[in-house]
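Please look through the sequence and the model shown here before reading on. The paragraphs after it are meant to be read with the coordinates open.

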Amino acid sequence: MKHKVIVTGGCGYIGSHTVVELIENNYEVVILDDLSNSSIETIGRIEKITGVKPIFINIDLKEEAKVNAVFKEHKDALAVINFAAYKAVGESVNKPIMYYKNNLYALLNTLSAQLENGINGFIFSSSATVYGTPNKLPITEKNETQRPFSPYGNTKKIAEEILDDFTKATENFTAISLRYFNPIGAHESGLIGELPSGIPNNLMPYITQTAVGIREKLMVYGNDYPTKDGTPIRDYIHVVDLAKAHVLAVERILNKKQEENFEIFNLGTGKGFSVLDVINSFEEVTNSKLNYEITERRPGDVPELYAATDLAKEKLGWSANKTLNEMISSSWEWEQKLRAKLQ
Ligand code: UD1
């Protein structure tokens, strides 16, 4: 019999790639999504890739009674992976209440519905933003967390604190928080990838949209950081590598391998690349020139952030293996397919 996993936000960027990996590893998947920042078409695309259509329920996780009813119907699920959240950093600065409500009500309703229905495993989609401006690199999970610059980031930090409290208070309930560094790339099928709504905040979709001509030029936010070329350094990770870590986290929970009821793992490659490195790789991969200009720093950006990856390797048996060029070429293929389809 297949193990059932509930995936909230399963139509989104990282969610959809994770659903594919789960199905390919023989899990039965139930997706809960309100399609606020994703498309129903993703379900058909997941089916095209895997040959299996996941169960899909259109639901706003802020609606507690409905969440309870759905979890009751699927109380045979063994774990929940929580991707459902708003994620636009700039928007969260302007609309903090909307972000706190959406990201935290959804989390609380999910946890209480799990409690009610005896679904005892939980995986949380967190972010390296909880480390703030680290004073030690690479960042291990032991690095202290800081209040993130944005309300979006703070919802991740608060969520981890809620999980810490909840797992301490609730016997048998176990959780894993996965702190992502900078996910980019797309599935090799070219059928799923990132779908930023409006003007992208993140570097990679901004680059690919500039290259296809939707944006005039990329603004490089500052070249006066204390790094090798003055631009900030990040740990970019392929979304498919990231997705695979979620399957291993589910297995860790189901096989009762956890050493503590609440565990935290960094998900990165351990390698740092500057903004100019990414631009150079993009130009190399696509054999073209990117239109860009150096402008002022963006508030809240930290100079350098890359992961220590030892813990995920040791405990989850996971490590990322795709190169920056592979990540970039898959993002580029996805962008081109997307535009060809929209024309
Ligand atoms: C951002 C968020 C982080 C979130 C993550 C999700 C902030 C401070 N952090 O990380 O909380 O979890 O996205 O993927 O916003 N850049 C440009 N021009 C652009 C866009 C980005 O130069 O148009 C630079 C940025 O200055 C940064 C690097 O590219 O140095 C990466 O930026 P981005 O993709 O937005 O990721 P982070 O800021 O690292």
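Predicted model: local features only at pLDDT ≥ 70, side-chain atom pairs only at ≥ 80, totals over all residues.

Residues are numbered from 1 along each chain as its sequence is written, and side-chain values use heavy atoms, with hydrogens and water left out.

In soluble globular proteins, nonpolar side chains tend to be buried together. A nonpolar core here is a set of buried Ala, Val, Leu, Ile, Met, Phe, Trp, Tyr and Cys residues joined through side-chain atoms within 4.5 Å, where buried means under 20% relative accessible area, exposed means over 50%, and partly exposed lies in between (1.4 Å probe, protein chains only). The largest such core has 37 residues, and those with the most contacts inside it are Leu22, Ile123, Leu178 and Leu267. Among the elements that give two or more residues to this core are strand 1 (4-8), helix 1 (13-24), strand 6 (174-180) and helix 8 (239-254); helices (H or I, at least four residues) and strands (E, at least two) are DSSP runs, numbered from the N terminus. Helix 8 supplies the largest share of the core, 8 residues. Leucine 22 touches Val5, Val7, Tyr27, Val29, Ile81, Val247 and Val250, not counting residues up to four places away in sequence, with contact meaning heavy atoms within 4.5 Å. Apart from this core lies another, of 26 residues, which includes Val30, Val67, Ala77 and Ala84.

How do helix 3 and helix 5 meet, and at roughly what angle do their axes cross? The axes of helix 3 (residues 64-73) and helix 5 (residues 96-117) come within 9 Å and cross at roughly 40°; axes are lines fitted to C-alpha atoms, for helices over the stretch in contact, and angles run from 0 to 180 degrees between N-to-C directions. The two helices are therefore oblique to each other, since angles under 35 degrees count as roughly parallel, over 145 as roughly antiparallel, 65 to 115 as roughly perpendicular and the rest as oblique. Residues that make the contact include Val67 and Phe71 of helix 3 and Asn109 and Ala113 of helix 5.

Helix 9 (residues 275-286) has 12 residues and reaches 17 Å from its first C-alpha to its last, close to the 16 Å expected, the expected span being 1.5 Å times one less than the number of residues.

Most residues other than glycine have a negative phi, and most peptide bonds are trans. Leucine 35, in the loop between strand 2 and helix 2, has a positive phi of about 60° and is partly exposed at 22% relative accessible area. Asparagine 172, in the loop between helix 6 and strand 6, has a phi near 75° and is exposed at 56%. Finally, a cis peptide bond joins leucine 137 and proline 138, with omega about -10°, and proline 138 lies in the loop between strand 5 (121-127) and helix 6 (151-169).
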